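This report covers side-chain packing and aromatic contacts in a protein model. The structure comes first, then the notes.

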Amino acid sequence: MILEQFEIENWSCIRRSVVTDLPTAGVVVLHGRNGTGKSSIVAALRATLFDYQPTSNKAELKRFFPNWTADAPRVTVGFRAGGASYRVTKQFKKGGDCRLEERTAGGWAVITKTPAEVHDRTLALVGNKSSDEGLQQLLWLQQTEYRLPDKKVFDVDVQAQLRNVLGVMQTALDDAFIEKVKERWKTWYSARNQPGERAKRTKTCALEKDLERLKQAETELSERDESYRVMEQSLERADYLESDARRIRVELDQLETVVRTLRDELDRSQARLKAFEVAQLQVDSAERAVRLAKERQNEQTSTAGRWAEAEQAVAAAQGQVDLADRALKDAEQTRDEFREQARRVREEARVMRNDLGLAEAHQLLMQKQGALAVLRERKLRAEELHGELQGLRQLDLQQPAPPKEALAKLAKNRADAARLLGELNAAAMSLAVTTVSGAKATLSVDGADAVVVHNPVRRSVQRRAELVIPGWGQVEIARGSDARGLDDIERDLAGLDHTFREGVAPYGLTGREPDALEQLRRAAADQHIRATQCARINDEIRRLGAIDLEIVRAEFSRLDVAVQTAVAELADAPPITDPDERVNSLRKRLAELEAERDELETAERDAVSKIEEKWTGYRVRADQAQTALAAAQATARAERAALDRLAAPAELAGALSEAEQRMSIALSSLSQAQLSDEEKALPERLAAAIDGHKQLQERLWEVSEELHKLQGALSKSAGLHQSRTEAAALVDGLKRKTEREVLESRAYDRLYELFEECRQKQLSTVVGPITDRVLRWMRLTGITDYRGIECGDNFLPHTLTGKDGRQSLPIEHESTGAQEQIALMVRLALGSVISPPIEAAVAVLDDPLTHSDPLRLDRMRGVLKAAAAGDPSSTPSVWPLQILVFTCHPEWFRVDAAPMIDLGNPTILERA
Amino acid sequence: MGVRFLHVADLHLGLRLTRFDKTAATQIAEARFSAIDNLKKAAIDRRVHFLVIAGDVFDDNTVPAALAERTLSVFEGSSWPGPVFIIPGNHDPLTPGCVWDRDPWAREQPHKRVRLLRCSSPVSLPEFSVTLFPCPLRHRTSLDDPTVWIAGHPRSADSDIRIGIAHGSLQILPQLPEDDHLIPADAAERLGLDYLALGHWHKPLRHGVRTAYPGTHEPMRFPNVSVGESTGWQAYSVDGGDERFADAGRGVAYFVEIAAPNASPRIEDLDIGHLRWSAEWVDVTGRTPGQLVKDFSNRTDNLRTMLRLRLEGVLGPQEYRRLDELRQVIEGRYHAGSTFDADAVLIEPTEDELRAVVGNGVLPRVLDRLRADVATADDERRTVATHALKILYRLAWEDRPA
């Protein structure tokens with residue numbers, strides 16, 4: 001259907017509006033300011049063509065009834081459908097004007113005037129859908145409707161039409177199938193992974209629990225198998241032990257035979273053994289006799305030896321006593337020698353000290369004489385210096401000079417006086433007075449009496465001049481300022497002169513001398529020289545230590561008396577030529593003697609100490625020697641007595657010889673009864689065999705004990721087979737179950753995965769032409785961030801695919817403006833493929849793209865133009881659209897030569 | 001006077017089974033005792049003089065005490081009044097702490113009927129004019145011939161009927177493990193035995209006229225299925241998976257009758273097994289599930305048949321779905337532990353069927369991708385895809401348009 005014309009009366013705010021000759025395709029812009037009635041026109045078209053019976057009383061309709069007239073709304077819409085033109089008129093009231101007409105060659109032919117029939121037949125002509133269903137759902141946009149239709153209310157007939165044109169995407173079979181797959185899939189999984197990745201089963205699904213149980217069962221089976229393995233090892237050990245026990249028993253039997261044989265042999269050797277034992281006893285007896293004889297002989301010999309030793313000990317002890325006495329005497333003699341030597345040294349030292357005292361007296365006298373000479377020279381010099389100092393001080397008194405500061409003040413005084421005098425002298429002015437002929441004036445200069453001048457006169461003015469001109473007045477000229485005139489200068493100068501005179505008076509000057517200041521300067525210079533000299537003399541006096549001259553003189557007198565006394569004392573002493581050398585040599589010798597004396601005294605003390613120590617030692621040794629002597633004497637006596645008691649040596653030798661003969665006989669008998677080596681070894685061999693037998697028995701016991709333990713342990717293994725079997729059965733069962741279910745889960749996951757992949761491919765094949773067109777338009781408008789659009793089964797897009805193909809974004813995440821633009825593009829793209837080829841479909845856009853910026857709006861004009869033009873040659877064919885744009889911004893939608901209908905024009909739209 | 005006896009072996013009581021659920025495993029274990037009851041009934045029926053068990057009464061020496069107790073009670077019970085001669089085999093050898101050294105076997109000596117022959121020495125049974133030559137094993141494996149000692153007791157002119165009882169591998173097969181208690185093939189003849197009652201091998205086998213293995217008294221594995229994978233049982237020989245431990249699927253005892261010394265024994269198979277075990281592969285190509293259901297439903301004695309059914313071949317999706325009926329038959333009407341496996345069945349729908357079940361939307365694309373996966377060389381991917389394909393057919397079929 002396309003709209004050709006409309007005429008609206010008494011509708012809302014519209015008194016009357018007539019638009020005719022709308023173009024059959026392309027963009028038509030109907031524009032007017034806000035409140036003009038654009039939306040009311042759209043509402044009138046919707047109501048008339050689709051929504052309301054002419055007699056309808058519905059409130060939604062009633063709200064468009066005018067409140068400014070009692071007349072009912074009346075709308076006539078001319079449209080083209082199925083290749084013919086129709087005109088429907090509805091006056092919305094009972095009995096109102098109502099008819100459906102068809103254009104014929106002769107004009108408009110009424111088809112029906114029955115309101116219900118008018119409505120039904122009109123509806124049939126425009127598609128039997130209300131204004132928000134069918135193609136209108138896509139192409140008739142109300143204000144603020146900037147999104148795509150909700151998928152829940154998207155007309156299924158439109159979807160069917162799209163399916164007819166574009167192809168089948170997902171059938172009911174598919175739906176039912178994937179629902180079942182999903183339902184089963186959820187048994188194991190909760191979320192799909194990225195394409196190509198295997199989905200992860202949920203931890204709580206029964207399969208995962210079974211797998212966990214399988215793990216536990218395997219662990220349990222492994223433990224039981226291990227127990228069984230241990231049992232088998234025990235069996236092997238038991239086998240070994242049994243074998244070992246058998247071997248041991250065989251060895252035991254063999255060893256018992258050996259023991260029996262050895263015992264028989266041992267019995268046979270018993271007789272020889274007894275003879276041997278008798279001979280052995282005889283030998284033992286003979287050995288004892290020989291040993292006794294030899295012991296006695298040895299005793300006699302040793303007693304004699306001890307007696308001789310005792311005698312020697314007596315002699316030795318006596319020698320020790322003598323030796324101790326001698327050593328004591330030697331020590332006492334040494335001590336005495338030391339004492340004598342020390343005494344000699346002390347005497348020599350005493351003489352030496354006397355000599356030293358005399359030499360030192362000479363030495364002291366010479367020192368005092370030297371000091372006296374020095375002191376005398378010092379005294380003389382001091383007296384000379386004090387004389388000079390006295391002279392200089394006298395000059396100072398005679399030729400006084402002002403101090404430096406006073407001299408500076410005086411000099412400043414004179415400089416100031418000279419400056420003031422200069423000022424005073426430089427102050428003379430020249431005053432010239434010239435009178436005209438016959439004129440007279442009186443002139444007074446520097447306090448002088450006034451003078452009458454009548455001729456030209458020139459005067460020098462020092463301070464003040466007064467000129468009185470009769471008939472005219474008086475002129476007074478005065479030098480200096482008001483505060484300080486020449487009087488002040490003169491007073492200051494007089495003050496300075498007075499101060500100067502007072503300043504020079506103490507130095508014998510009047511102050512009137514022209515060179516008074518020079519004289520004072522010279523006197524000050526002389527005084528300064530004298531002061532320098534006095535300072536030098538005082539320094540020397542201080543260096544001489546002669547500040548007080550009387551003290552120097554008293555010291556000289558005292559030293560002179562001391563020298564005289566020393567000379568008198570040494571008058572009888574032998575003269576000493578060089579007392580210093582004598583004192584040094586004597587001191588040196590005295591030091592040596594004192595060292596020698598100290599040494600001797602130490603030696604003496606050592607000698608005395610040693611002597612005392614030795615004496616004590618010798619005394620002890622002497623006592624010990626005495627005791628030893630007494631003991632040795634007693635021993636010697638005892639040994640002598642013992643020796644006397646023993647038999648004679650010859651008697652003892654005879655007894656020994658007899659015993660040795662008996663020994664020889666016994667050894668001969670023993671030799672005859674001697675056992676062979678083999679016979680000797682019999683007891684050891686028997687013992688070894690018995691020992692071996694015992695060890696084997698012990699080993700057999702150990703083996704038997706271990707075997708019994710193993711048997712005991714093995715006998716407790718009852719039931720192990722069954723428990724292993726049960727564990728293995730559980731593992732087998734769980735394995736079978738889980739393997740089957742894992743396969744099942746993976747098959748379902750694969751089905752789900754494949755279905756989704758294939759569905760996407762199917763979808764992209766079917767909706768490809770639509771999405772390609774929309775994408776092209778999106779690029780045209782500057783929406784370039786996406787490379788794909790994913791649509792749902794209802795052909796409505798829901799997701800935008802990013803440039804990298806991975807990032808997907810729901811359309812709702814885009815800006816409102818972009819959503820509005822994309823939605824309009826999709827509507828136009830979908831609408832244009834199901835638009836009937838006979839005539840274009842009409843798209844009514846009431847105030848569209850209100851969220852778009854000017855740039856996008858400008859680009860959207862291109863989209864509208866393309867959509868309106870269509871492209872019947874494409875696959876599937878895209879048919880032209882008649883696009884009516886109601887807007888208050890006509891400049892936004894001006895497309896080429898698109899008709900612009902100004903609703904503000906009263907001839908087109910007259911408002912109430 | 002001749003002698004009649006029953007020869008069984010390899011009872012393997014306390015059998016290790018891991019591939020069944022607990023109910024099935026318990027019933028299988030119980031079946032072994034039912035088979036012993038059958039044995040005793042046969043003994044009474046045939047009026048035999050004694051029973052001979054040639055080793056491996058127990059599956060392991062560490063079986064539970066209660067089982068050992070029950071076993072002794074079963075043989076000591078009054079339902080069979082004659083003696084029972086038992087030798088230890090390689091699964092229950094006379095090792096220290098073995099089942100024979102524990103209560104009740106150690107406690108109740110001498111038993112009324114059971115005679116555990118612990119020594120390799122002749123046992124004279126004058127009441128039957130028989131001398132037994134038992135060869136008990138002391139180890140799981142051994143390089144020794146357990147019958148070798150019998151050579152020290154040669155036949156004499158006045159010998160009784162000589163019956164050897166041994167457990168080991170008769171050297172009639174190539175490449176037997178050297179330590180599998182090897183017994184010369186001509187042992188019976190060489191040792192002058194009238195009959196050599198053997199145990200160890202699990203299928204009935206007679207060698208010559210005097211040597212025989214009765215196999216197990218009750219099946220314990222599926223015949224023709226590689227050993228170890230079918231039930232979880234493990235032989236203690238190094239080649240436990242060998243064919244000689246494969247199972248006949250039924251329990252057998254030999255009825256042996258020897259008329260006189262040197263006479264040839266008459267040996268007769270007796271079915272004493274309680275269950276029958278069967279592993280079957282069925283190619284379903286060209287068959288309808290209905291046929292299969294009918295076939296397996298109509299078999300006799302289903303409840304005493306342990307069936308492992310594996311299907312292979314190609315079916316259409318509709319037929320494939322009907323396999324569930326067959327599954328219900330196998331799992332519901334056969335003995336507990338019976339299984340049904342149709343994993344190897346391929347589903348190949350016709351193009352019309354395909355269109356009907358997958359439509360013209362997304363599913364055809366999914367189907368193509370799965371088919372590509374099935375053709376890949378990547379085993380894991382192929383396995384998952386094969387399974388997924390079946391799920392797709394099943395789910396899509398359930399929702400196919402009416």
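## Aromatic pairs

In this predicted model, W140(A) has a relative accessible area of 2% and is therefore buried, the cut-off being under 20%. F50(A) is likewise buried, with a relative accessible area of 2%. The ring centres of F50(A) and W140(A) lie 5.1 Å apart with the planes at 90 degrees, so this pair is edge-to-face. It joins distant parts of the chain: F50(A) belongs to helix α1 (residues 38-51) of chain A and W140(A) to strand β8 (residues 140-141) of chain A, 90 residues apart.

In chain B, F133(B) and W149(B) make a tilted pair, 6.0 Å centre to centre with 40 degrees between the planes. Both residues are buried. Over all chains the count is 21 aromatic pairs. Ring pairs also connect W185(A), W188(A), Y189(A), Y748(A) and Y752(A) into a cluster.

## Charges over rings

R724(A) lies over the face of Y228(A), 3.9 Å from the ring centre. In chain B, the charged end of R70(B) sits over the ring of F33(B), at 3.8 Å from its centre.

## Nonpolar cores

The largest nonpolar core has 99 residues; among the members that touch the most others are W140(A), L828(A) and I883(A). Helix α17 (residues 816-834) of chain A contributes the most to this core, with 11 residues. A second, separate core of 54 residues includes L751(A) and L307(B).

Beyond its neighbours within four places in sequence, I883(A) is in contact with residues including V28(A), L828(A) and L864(A).

## Chain A overall

Chain A has 18 helices and 21 strands. Of its 912 residues, 40% count as buried.

How values were computed
Residues are numbered from 1 along each chain as its sequence is written. Chains are lettered from A and ligands numbered from 1 in the order in which they are written. This is a predicted model: local features need pLDDT of at least 70, side-chain atom pairs count only at pLDDT 80 or more; totals for chains, interfaces and linings use all residues. Side-chain values use heavy atoms; hydrogens and water are left out. A nonpolar core is a set of buried Ala, Val, Leu, Ile, Met, Phe, Trp, Tyr and Cys residues joined through side-chain atoms within 4.5 Å. Buried means under 20% relative accessible area, exposed over 50%, partly exposed in between (1.4 Å probe, protein chains only). Helices (H or I, at least four residues) and strands (E, at least two) are DSSP runs, numbered from the N terminus. Contact means heavy atoms within 4.5 Å. Rings of Phe, Tyr and Trp (its six-membered ring) pair if their centres lie within 6.5 Å; planes under 30 degrees apart count as stacked, over 60 as edge-to-face and the rest as tilted. A charge sits over a ring if NZ of Lys or CZ of Arg is within 6 Å of the ring centre and within 35 degrees of the ring normal.
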